[in-house]
Amino acid sequence: MFSQVRRAAAFSAVDVEQVLRPRESRWDKHIAADLISEMEPYLGKVGSLPELRTALAIKGYRGLQSRIVSSVRQLSGTAALRAMAHAMRGFALANPGLAAASFRSLDVTSPEWEVSGKALARTVVDVFASCGIHEDKAIGGALILRSLVRGFVVNEMSSPNHSLDFQRSFSVAVEMFIAGLSELRLDKASANEAIG
C-alpha cells in the first residue's frame, strides 16, 4: 500500500513537471491556434496571437466608437457624457471580449490599430469638449470614466448576487462623475490655491 502511495506521488510530480515545463506544443498555443482559426471568418486572416489581439482591439475600438456616436447623436454637454457612459457600459456587457481587447493597452505598430484607436479617442474627447473640458483634461476625464465603467462591468459580470441593481448603481455613479466635472475644469493654479 505504501509503495502505491509513493508511485502515485511520483506520478503526480511527473505530471506537474510536464505541465509546468515550457514547450512548443503547450496547450495555450493550441488554444490560441484554435481561437485564431475560429475568429478568422469574422476578423480576416490572423497569423499569431498578437495579431489576433490587435484585430480584436480594432474591432472593439470601432464597435465602441459606433455605439458612442449613435448614443450621443444630437446631444451635447452632460446629456452626451451621460449617454456615452451608458453606451460604454452597454457595449462592454454585450461584447465582453471586444471590450476587454479595447480596454487593453497593446504594444503594436499596426496603422489600422492606431487609426481606430485615435478615432475612438477623438469621439470621446469631443464629448468631453461639449462639456467644456478640453485637451489633457479631457484625456484625464476619459481615463477616469473608462476606469469607472470597467470597474462596474467587472463587478457586474463576476458578481454571484443577481439581486443587486447594477443599472441603478451605475446611473448614480455616472451622476456623481458628472457632478465632479468642475474638478477637471480647474486649472493647476486654481487647484493648488484650493488645496493650500
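Is Arg122 buried, partly exposed or exposed? Arg122 is partly exposed, with a relative accessible area of 47%. The close-ups below start from this residue, and they come from a predicted model.

**View 1. Arg122 pairs with Asp126 in a salt bridge.** The N to O distance between the two side chains is 3.1 Å. Both residues sit in helix α6, 4 residues apart, so about one helical turn separates them. Asp126 is partly exposed too, at 42% relative accessibility.

**View 2. Arg62 and Glu112 join in a salt bridge.** Here the side chains come together at 2.8 Å, N to O. This pair links distant parts of the chain, 50 residues apart: Arg62 belongs to helix α3 (residues 49-72) and Glu112 to helix α6 (residues 111-129). Arg62 is partly exposed, its relative accessible area being 44%, and Glu112 is partly exposed at 42% relative accessibility.

**View 3. Glu156 meets Arg89 in a salt bridge.** The closest N and O atoms of this pair are 2.8 Å apart. Glu156 lies in helix α7 (residues 135-158) and Arg89 in helix α4 (residues 77-94), so their contact ties together parts that are 67 residues apart in sequence. Arg89 counts as buried because its relative accessibility of 7% falls under the 20% cut-off. Glu156, at 21% relative accessibility, counts as partly exposed.

Side chains of opposite charge can pair when their charged atoms come close. In this structure, the count comes to 5 salt bridges, among them Arg122 with Asp126, Arg62 with Glu112 and Glu156 with Arg89.

Terms used: Residues are numbered from 1 along each chain as its sequence is written. This is a predicted model: local features need pLDDT of at least 70, side-chain atom pairs count only at pLDDT 80 or more; totals for chains, interfaces and linings use all residues. Side-chain values use heavy atoms; hydrogens and water are left out. A salt bridge is a side-chain nitrogen of Lys or Arg within 4 Å of a carboxyl oxygen of Asp or Glu. Helices (H or I, at least four residues) and strands (E, at least two) are DSSP runs, numbered from the N terminus. Buried means under 20% relative accessible area, exposed over 50%, partly exposed in between (1.4 Å probe, protein chains only).
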